[in-house]
Amino acid sequence: MNLDLTGKTALVCGSTQGIGRATAVELALLGANVVLMARNEEALKRALADLTTKSDQTHRYIVADFSQPNAVKKGITDYLYRFPDLEILINNTGGPAGGPIVEAKPEEFIQAFHNHLVNNQTLVQAAFPAMKRAGYGRIVNIISTSVKQPIVGLGVSNTIRGAVAQWAKTLSLEIASFGITINNVLPGYTETARLESMLSMRAKSSGKTENEIAAQMKSEIPTGRFVTPEEVASAVAFLCTPAAASINGINVPVDGGRTGSL
């Protein structure tokens with residue numbers, strides 16, 4: 001099985017913590033040159049130091065705030081002007097704040113749409129010429145199992161994640177002939193800052209402790225535990241390899257079997 005990414009360059013968004021950071025580490029281990037993208041430069045520098053260079057890779061970073069689509073566009077445009085090769089794109093950014101959908105303000109949907117779908121579109125359009133030229137492209141969107149089964153209390157997120165999944169499926173039909181695939185990885189309850197926020201929110205609304213809420217959530221997972229960022233990163237990295245060349249336009253849950261659909 002060919003899992004070698006030596007000579008390939010991967011842009012990983014939201015890569016200073018959680019799943020994004022774990023994905024960057026995994027891609028570097030497979031030999032890729034990794035470009036980190038996030039808003040905090042000091043955190044980017046720390047994350048960069050974690051990446052292996054055993055295959056003589058060169059790793060870089062781009063400072064951009066995903067709440068500002070124009071900054072994302074400028075960041076990727078400036079980068080590709082200096083370094084025109086890019087074969088792998090990992091779209092990943094933090095989800096919208098939780099809460100009942102009936103209470104969500106219209107502006108929350110608009111901001112989430114820009115943070116996720118608009119930024120994804122901008123990055124794909126920028127990367128597509130390089131991928132087409134190389135005859136090799138891998139785009140992986142880190143979304144959520146809410147694509148298959150809405151999560152209570154995450155109304156805005158459920159809505160926008162679904163839109164991203166439809167966008168990706170449509171795109172998969174247009175770019176595969178150039179050797180480029182696009183897939184979605186759907187993390188379940190994963191040990192990240194997002195999960196900590198969810199535990200806190202549910203504890204406050206229910207009157208239970210966070211430990212009680214965590215135990216209840218784990219009871220819904222056949223494996224009986226939360227997913228680790230590294231486990232999600234392994235799935236993402238595999239979809240980026242030559243071995244995954246014919247996997248295109250699909251949703252891959254990494255959730256311990258929790259999602260109640262095929």
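## Helix packing and sheet order

The axes of helix H3 (residues 69–82) and H4 come within 10 Å and cross at roughly 20°, where axes are lines fitted to C-alpha atoms, for helices over the stretch in contact, and angles run from 0 to 180 degrees between N-to-C directions. That makes H3 roughly parallel to H4, a term used for angles under 35 degrees. The model is a predicted one, in which local features need pLDDT of at least 70 and side-chain atom pairs count only at pLDDT 80 or more, while totals for chains, interfaces and linings use all residues. Residues are numbered from 1 along each chain as its sequence is written, and side-chain values use heavy atoms, with hydrogens and water left out.

H3 passes H4 in a right-handed crossing, that is, with the near helix turned clockwise from the far one by less than a right angle. On the H3 side the contact (heavy atoms within 4.5 Å) includes Pro69, Val72 and Ile76, and on the H4 side it includes His114, Val118 and Leu123.

H4 packs against helix H5 (residues 155–175) as well, at an angle of about 20° and with the axes 9 Å apart, which makes H4 roughly parallel to H5. This crossing of H4 and H5 is also right-handed. Among the residues that meet there are Phe109, Phe113 and Phe128 in H4, and Val164, Trp167 and Leu171 in H5.

Helices (H or I, at least four residues) and strands (E, at least two) are DSSP runs, numbered from the N terminus. An open sheet of 7 strands has the order E3-E2-E1-E4-E5-E6-E7 with parallel pairing, two strands being paired if DSSP finds at least two bridges between them. Strand E3 (60–63) and strand E7 (251–254) stand at the edges with a single partner strand each, so one side of each lacks a neighbour in the sheet. H4 (residues 106–134) lies across E1, E2, E4, E5 and E6, running at about 170° to E4.

Along its principal axes the C-alpha trace of the protein spans about 55 × 40 × 40 Å.

Technical notes: Angles under 35 degrees count as roughly parallel, over 145 as roughly antiparallel, 65 to 115 as roughly perpendicular and the rest as oblique.
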